[in-house]
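Thanks for coming, everyone. I'll keep this short. Please have a look at the structure on the screen.

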Amino acid sequence: MLEICNVSVNYGQSRVVNNVSFQVEPLEKMVILGRNGVGKTTLLKSIIGLLPLQNGKIILNNEDLSGLKAYERAISGVAYVPQGREIIPHLTVRENLELAALAHTKEITQRMEEVFEYFPILTEHLHRKGGVLSGGQQQQLAIGRALMSHPQALLLDEPTEGIQPNVVAEIANILIRIHRKMLIPIIIVEQNLKFARKLADRFVVMQKGEIVASGKSGELTDEIIHKYLTV
Ligand SMILES: Nc1ncnc2c1ncn2[C@@H]1O[C@H](COP(=O)(O)OP(=O)(O)OP(=O)(O)O)[C@@H](O)[C@H]1O
C-alpha cells in the first residue's frame with residue numbers, strides 16, 4: 001500500500017501542496033484530477049523524491065520513504081512516468097530500456113520480455129532512436145521503462161497528453177492489464193476524463209494544492225466535474 005500522509009510542498013515561500021493525505025491499496029488505481037496549476041505534478045514529484053516535503057510522510061508497504069533520495073525511493077520500488085515522457089532521444093528503444101534497468105542487470109532480458117508482452121510494438125522499433133518514435137510509441141516506451149525496475153508502485157503524469165484517441169484507449173487497456181498482473185498501487189494524474197473514468201477505481205480532485213473531492217470512480221458526478229474540472 002502507498003500512503004500519502006499530510007504532505008505539504010513549497011516552492012520557496014509559496015505553498016503549492018497543502019496537507020494532502022490519501023492511501024492507494026495494491027488493488028487500486030487512483031486518478032488525481034484538477035485544473036492546470038493546482039499542484040498535481042508537484043505532488044507526484046514530492047512522492048518520488050524530486051521535490052522535498054515541507055511536512056508529511058510517504059510510506060510504501062510500511063517503509064517510510066520520506067527521508068530517502070529519489071534514486072533510493074526508486075530502488076525501494078517507486079516508478080515514475082513523467083509528463084512529456086522524457087525519452088532519451090539519441091538512445092535507441094533498447095538502450096532506453098536497458099538504462100532503466102542498470103541496477104537490476106541480472107534480470108534485464110526477462111524484464112524486457114515482460115515489457116514486450118505489454119508493448120509488442122516496441123520490438124519492431126528496438127534499434128531506432130527513441131526521439132524518432134511517435135508520441136504514442138514514446139509513451140509506451142516510457143511506461144515500459146518504468147516497468148524495467150519491477151516497481152512496487154507506479155506513478156504516471158498525464159500519460160494521454162498529446163496522444164491520438166485510439167492509442168489512448170490502447171494505453172488504458174494495457175495499464176489495466178499491467179495492474180491485474182502486478183497488483184501494485186497505481187496513481188495517475190490526468191486531464192482526460194474519459195480515460196480517467198475507464199481506468200480509475202478511485203479519484204481525488206485537487207484545487208489550490210488541497211483535496212476538495214474524492215470517492216469511487218462511480219461517484220465522480222457532473223456536479224464535481226463542473227465545479228472543479230471544467231474550464
Ligand atoms: N519550479 C517551480 N517553481 C515555482 N513554482 C512552480 C514550479 N513548478 C510549478 N510551479 C507552480 O506551482 C503550481 C502547481 O504547479 P503543478 O505543475 O504542480 O500543477 P499541475 O496541477 O500539475 O498543473 P498542470 O496540469 O498544468 O501540469 C503552479 O502555480 C505552478 O506555476
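Start with strand β1, residues 2-11, and strand β4, residues 55-60: they pair in the antiparallel sense, over five bridges. One of the partners to look for is Lys-57 in β4, which bridges to Cys-5. Keep in mind that this is a predicted model.

Now widen the view. The sheet is open and has four strands, in the order β2-β1-β4-β5, with antiparallel pairing. Which strands are at the edges? They are β2, 14-24, and β5, 63-64, and each pairs on one side only. Helix α1 packs on this sheet and touches β1, β2 and β4. The direction of α1 makes about 115 degrees with that of β1.

Stay with α1, residues 40-48, and turn to the ligand. This helix gives the largest share of the shell around the ligand, three residues. The residues around the ligand include Lys-40, Thr-41 and Thr-42. Also among them are Tyr-11, Val-16, Gly-34 and Asn-36. By class, the shell has three nonpolar residues, six polar and one charged.

Last stop: two helices. The axes of α3, residues 93-100, and α6, residues 135-147, come within 8 Å and cross at roughly 30 degrees. Angles under 35 degrees count as roughly parallel, so α3 is roughly parallel to α6. Their crossing is right-handed. Who makes the contact? From α3 it is Val-93, Asn-96, Leu-97 and Ala-100, and from α6 it is Leu-141, Gly-144 and Arg-145. That contact has four nonpolar residues, two polar and one charged.

Notes: Residues are numbered from 1 along each chain as its sequence is written. This is a predicted model: local features need pLDDT of at least 70, side-chain atom pairs count only at pLDDT 80 or more; totals for chains, interfaces and linings use all residues. Axes are lines fitted to C-alpha atoms, for helices over the stretch in contact, and angles run from 0 to 180 degrees between N-to-C directions. Angles under 35 degrees count as roughly parallel, over 145 as roughly antiparallel, 65 to 115 as roughly perpendicular and the rest as oblique. A crossing is left-handed if the near helix is turned anticlockwise from the far one by less than a right angle, and right-handed if clockwise. Two residues are in contact if their C-beta atoms, placed from the backbone, lie within 7 Å. Ala, Val, Leu, Ile, Met, Phe, Trp, Tyr, Cys and Pro count as nonpolar, Asp, Glu, Lys and Arg as charged, and the others, Gly among them, as polar. A residue is near a molecule or strand if its C-beta atom, placed from the backbone, lies within 6 Å of it. Two strands pair if DSSP finds at least two bridges between them.
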